[in-house]
Structures are given as structure tokens and as C-alpha cells.
Amino acid sequence: IKKLCHLNEGLVVVTGPTGSGKSTTLAAMIDYINTHLRKHIITIEDPIEFVHPVKESVIVHREVGEHTDSFAAALKSAMRHDPDILLVGEMRELETIKLALSCASMGMLVFGTLHTNNAPKTVDRIINAFPADDQNQVRVMLAGCLAGIVAQLLCKKIPKGRVAVHEILLQHESLANTVRTGQIANIRQIIESGGAEGMVLMDTSLMNRVKDGSIEPKEAYMKAANKAAFTPLLKPGDLEDED
């Protein structure tokens, strides 16, 4: 994830269900940039969740409803202020997604969030937000600027607390072509083959957390996409609780 903080341009999407710690992960990334790099950062949020003190970077916080009417209006205004980094609290409406893609294509580093739970669904969600006639053009645009996807879940930690597990997709030579041609199913193979660069599938992250004793096998089983891989790890009676 630190690699994504050192990018100069592109779209980075942090995804996950409500309450999975997306805002906290983004705040940690902004704090890392603020501590190590000199950047001009504008955040657009509803509401503002984390206020960052000025360290190395200049940070401007904008709250929807307080400083601006909408995410889209704030993005249009932010484009004129020439930021290095834009943080968009939520990419809900079509216009917000469109403007976020435009900013990333113009050479800014854009961080955004979506409520999807893995990398392929995130790409699908962005493309399908647009009318059918525009989707080819959006695929080309997204192929050119997608820099990374971090899908996040929170699991119950042993003995207490919570631990984050991630699916991470980074830029790869075959990613642009995969997005451009709409072969979204191939994204899983890209992640599987990109382990050396830091890419990881959600199920692999869950398995790693079970192996290092951070989470119970049952917790991993409940969150996993391929449940069959986790069934042999379950203790007798684990699934009966669910019935």
C-alpha cells in the first residue's frame, strides 16, 4: 500500500463494505504522504473524518454541505487549484466518477472509495455506472489511469480487537489491456501472478491470517469467496453454529 502513496498520477480505489476501515486506511495513506513527501493535497469528504496537521505537505479539507454543494462541484473547483493529490470521500454519482477519472487522466493522483468487495467488482462497478453507449470510452479511460485497487475487510482478531485483510491490485503491463477489452474475469489471474510485486487475493490474505494465528478459521470461512479452501481448517461444530 505504501507503493501507492509514492505514485505521481492515476486512480487508486479503496473498497469494502461500510465499517470495513476504508476511511482509516486512506487517512493512514495521506498521513504517510504528509510525513514523507511534499505534495499539495485536497480532500473532499462528507463529513470530514480525519483532520491532518501540516507536516511536509499542504492539505486542504473540503466538506460537502459546508464548503461545497456536492462532490462533483468540489472536484471541478479542485481541478483549477492544481493539486498533486485528490481524495474523494465517496465516488457515488456518475458525475463524481467521471470527474475522478478525468482528474486521474490529467496527471493527478486520485484516491477514492467504493462499496465493492474485490478488485474485479470494483472495475465492473465503475464501468457500469455509465450508460451503455459510453462504456467503451470509459474502459479506455480507466485502462489508462487505473493505478491500484485495495479491497479491505475487517476480521475479529484473536484474542480481541480487529485485523484488516486486503485484496490488492497494482499496475501491471497486462492490466490496461484487460480493462480496455472488458475481460474483467482475468483480473484474478493478474493478481495471482503478481505476488512478487505485492499483489494478493482476498482469500490468500485470509489464509495467511489463519496461518499466523491472527484470526479463527471460521471467521476466514465466513469472509472467503472460495469457501471450499477453508472447510478443511474448520473445527467440528463450527458450521453448526451458523445453522
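Axes here are lines fitted to C-alpha atoms, for helices over the stretch in contact, and angles run from 0 to 180 degrees between N-to-C directions. All the views below come from a predicted model.

**View 1. Helix α4 meets helix α6.** Here α4 (residues 94-105) packs on α6 (residues 135-145) at about 45°, and the two axes sit 9 Å apart. That angle makes α4 oblique to α6. The crossing of α4 past α6 is left-handed. On the α4 side, look for L101, S102, A104 and S105, and on the α6 side for V138, M141, L142 and C145. Sort the residues in the contact of α4 with α6 by class and you get six nonpolar, two polar and no charged ones.

**View 2. Helix α3 runs alongside α4.** From α3 come F71, A72, L75, K76 and M79, meeting E95, T96, L99, A100, S102 and C103 of α4. The class tally for the contact of α3 with α4 reads seven nonpolar, two polar and two charged residues.

**View 3. The buried side of α6.** Buried residues in this helix are Q135, V138, R139, L142, A143 and C145. What do the buried residues of α6 pack against? Their partners are β1 (10-15), α4, α5 (119-128), β6 (146-156) and α7 (175-180).

**View 4. L11 and the largest nonpolar core.** This core has 64 residues, and L11, F111 and L169 are the ones that touch the most other members. Helix α4 supplies the largest share of the core, six residues. Zoom in on L11 and, leaving out residues up to four places away in sequence, its contacts are M91, L101, A104, V110, I126, L142, C145, L146, A147 and G148. As a rule, nonpolar side chains in soluble globular proteins tend to be buried together.

**View 5. V60 in strand β3.** V60 lies in β3, which covers residues 58-63. Is V60 buried or partly exposed? Its relative accessible area is 29%, so V60 counts as partly exposed. Setting aside residues up to four places away in sequence, V60 touches H40, I41, I42 and T43. V60 and I41 are 19 residues apart along the chain, with 6.3 Å between their C-alpha atoms.

Terms used: Residues are numbered from 1 along each chain as its sequence is written. This is a predicted model: local features need pLDDT of at least 70, side-chain atom pairs count only at pLDDT 80 or more; totals for chains, interfaces and linings use all residues. Side-chain values use heavy atoms; hydrogens and water are left out. Helices (H or I, at least four residues) and strands (E, at least two) are DSSP runs, numbered from the N terminus. Angles under 35 degrees count as roughly parallel, over 145 as roughly antiparallel, 65 to 115 as roughly perpendicular and the rest as oblique. A crossing is left-handed if the near helix is turned anticlockwise from the far one by less than a right angle, and right-handed if clockwise. Contact means heavy atoms within 4.5 Å. Ala, Val, Leu, Ile, Met, Phe, Trp, Tyr, Cys and Pro count as nonpolar, Asp, Glu, Lys and Arg as charged, and the others, Gly among them, as polar. Buried means under 20% relative accessible area, exposed over 50%, partly exposed in between (1.4 Å probe, protein chains only). A nonpolar core is a set of buried Ala, Val, Leu, Ile, Met, Phe, Trp, Tyr and Cys residues joined through side-chain atoms within 4.5 Å.
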